[in-house]
Amino acid sequence: MKGVFIVIEGPDGSGKSTMSEGIAKHYLSKGVDVLHTREPGGTKISEKIRTLLLSKDNREMHPRTEALLYAASRAQHVEEVILPALNAGKMVVCERFVFSSLVYQGLCRKLGIVPVEAINDFATGGLSADVTLYLDSAELSSLARISDREADRLESDEKIRASVEENYRILANNRADQLIRIDASKEKDVVLEHCIEAIEKECRKR
């Protein structure tokens with residue numbers, strides 16, 4: 001039996017980790033076999049690539065290099081973790097997937113949606129989420145949420161910070177049929193409730 005692949009998307013600080021943990025905890029309490037993972041990362045190799053990507057020591061990294069490294073990390077994550085879990089019938093809850101690359105590298109880095117989508121289609125073997133939840137945070141609220149920790153290489157990049165929320169909304173509007181928008185500006189319990197309701201609704205269609 002094939003499992004269910006759920007992806008949580010949104011800018012840094014929008015609440016992806018909190019919602020992913022809440023979703024996983026909810027379904028675990030219902031007896032569902034759940035795997036909670038994240039990107040970039042999720043495997044030994046992918047975590048090493050994550051360190052390269054997010055380190056401020058690598059500010060000279062070219063946008064194409066960045067895009068290819070994200071895709072490489074994702075390829076390993078899919079083959080080593082996500083696909084085996086899905087094939088075992090598990091629910092996989094993943095923080096970020098291809099949509100993030102389309103926003104950050106395709107739009108913010110101006111590499112273009114088509115080439116970034118192409119390398120990720122190759123990296124994932126065409127795997128797509130069954131449910132993608134986009135956490136749409138209030139303007140600038142996500143930046144406020146990460147102010148209490150040290151920003152990584154991308155978070156500290158002014159070009160990224162200035163455009164990421166707008167570009168998330170642009171791509172979300174253009175691909176409204178591929179995701180479910182969740183108002184992440186509400187109280188955490190309310191946001192989590194809306195996330196679970198959206199997942200239940202989509203799973204009933206399967």
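Predicted model: local features only at pLDDT ≥ 70, side-chain atom pairs only at ≥ 80, totals over all residues.

Author: A definition to start: two strands pair if DSSP finds at least two bridges between them. Strands (E, at least two residues) and helices (H or I, at least four) are DSSP runs, numbered from the N terminus.

Reader: OK. What is the strand order in the sheet?

Author: The order is β2-β3-β1-β4-β5, five strands in an open sheet with parallel pairing. β2 (34-38) and β5 (180-183) are at the edges with a single partner strand each, so one side of each has no neighbour in the sheet. The twist averages 20° from one strand to the next.

Reader: How many bridges between β2 and β3?

Author: Five, in the parallel sense, with β3 covering residues 91-95. Arg38 has Glu95 in β3 as its bridge partner.

Reader: Switching to helices. At what angle do α2 and α3 pack?

Author: About 160°, with axes 9 Å apart; α2 is residues 44-54 and α3 is residues 63-87. Axes are lines fitted to C-alpha atoms, for helices over the stretch in contact, and angles run from 0 to 180 degrees between N-to-C directions. The two helices are therefore roughly antiparallel (under 35 degrees is roughly parallel, over 145 roughly antiparallel, 65 to 115 roughly perpendicular, the rest oblique).

Reader: Which residues make the contact?

Author: From α2, Ile45, Ser46, Ile49, Leu53 and Leu54; from α3, Glu66, Leu69, Tyr70, Ala72, Ser73, Gln76 and His77. Contact means heavy atoms within 4.5 Å.

Reader: Where does α7 lie?

Author: Helix α7 (residues 158-174) lies across β1 (4-9) and β4 (131-136), at about 140° to β4.

Reader: How many salt bridges?

Author: Eleven, counting a side-chain nitrogen of Lys or Arg within 4 Å of a carboxyl oxygen of Asp or Glu. One joins Lys2 and Asp130, with the closest N and O atoms 3.8 Å apart. Lys2 is in the segment before β1 and Asp130 in the loop between α5 (113-124) and β4, 128 residues apart.

Reader: Now the backbone. Which peptide bond is cis?

Author: The one from Glu39 to Pro40, with omega near -10°. Pro40 sits in the loop between β2 and α2.

Reader: And what is phi at Arg96?

Author: Near 80°, a positive value in a residue other than glycine. Arg96 is in the loop between β3 and α4 (98-108).

How values were computed
Residues numbered from 1 in each chain as written. Heavy atoms only, no water.
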